[in-house]
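Biologist: Please show me the model, and then let us go through a few of its details together.

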Amino acid sequence: MKMYHFDQIYQQNLDALQNLDPSLHKRLTDFQENSIFEAVPYDNRPCNIFDTHSQTLFFHNTYEEDKKSMDFFYPLREHNFLYFFGIGNGHLQKTLLQNPKHHLTVIEPSLELLFVALHLEDFSDEIATRRIVFFLVEELHFSNLVAYLNQDIKIYYARSYNLHLGANY
């Protein structure tokens, strides 16, 4: 499935990234087309993502899994900073950003999956205000991460023992 109907959302996200993260902006701009992951739209529900190589959907029931994720994060509603390994379809992050306290850091192992998620959810305001920051695993170096975490009080919210998997994928 080509993602032409999501191009406006994607362009807004790219525009927001252009000045704040020129390296990621360039990588995404140079990225040609998704070949592994495809968005699977549903009426009135978040898009699912289909892995064409493994023939697997990310979410078995997007609504139910979103509800479980929100229940998991409810006790963290007062936390200023939340950290994610992987963006999935981006819907969880977009929902969590409705809380004005939250600032999210997403470490994504797949440029293609970030490409797909940035077509599905409009993060442009959150990117522009740095309420969401993306790092690609392949470009993330320990020294960069430490410098980032030492800004403000981010490091106090970085916990390595509380891992929530947003999908069974």
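Biologist: In which sense do strand E4 and strand E5 pair?

Modeller: This is a predicted model, in which local features need pLDDT of at least 70, side-chain atom pairs count only at pLDDT 80 or more, and totals for chains, interfaces and linings use all residues. Residues are numbered from 1 along each chain as its sequence is written, and side-chain values use heavy atoms, with hydrogens and water left out. Strands (E, at least two residues) and helices (H or I, at least four) are DSSP runs numbered from the N terminus, and two strands pair if DSSP finds at least two bridges between them. Between E4 (residues 81-85) and E5 (residues 103-108) there are 5 bridges, and the sense is parallel.

Biologist: Which residue in E5 stands opposite Phe85?

Modeller: E5 covers residues 103-108 and pairs with E4. The residue of E5 opposite Phe85 is Ile107.

Biologist: Is Glu112 buried or exposed?

Modeller: Glu112 lies in helix H5 (residues 111-120). Buried means under 20% relative accessible area and exposed over 50%, with partly exposed in between (1.4 Å probe, protein chains only). Because its relative accessibility is 7%, Glu112 counts as buried.

Biologist: Which backbone nitrogen does the side chain of Glu112 reach at 2.6 Å?

Modeller: A polar atom of the Glu112 side chain lies 2.8 Å from the backbone nitrogen of Phe37. At 2.6 Å, the side chain of Glu112 reaches the backbone nitrogen of Ile36.

Terms used
A polar contact is a pair of N or O atoms within 3.5 Å; within protein, one must be able to donate a hydrogen and the other to accept it, and residues adjacent in sequence count only if both atoms are side-chain atoms.
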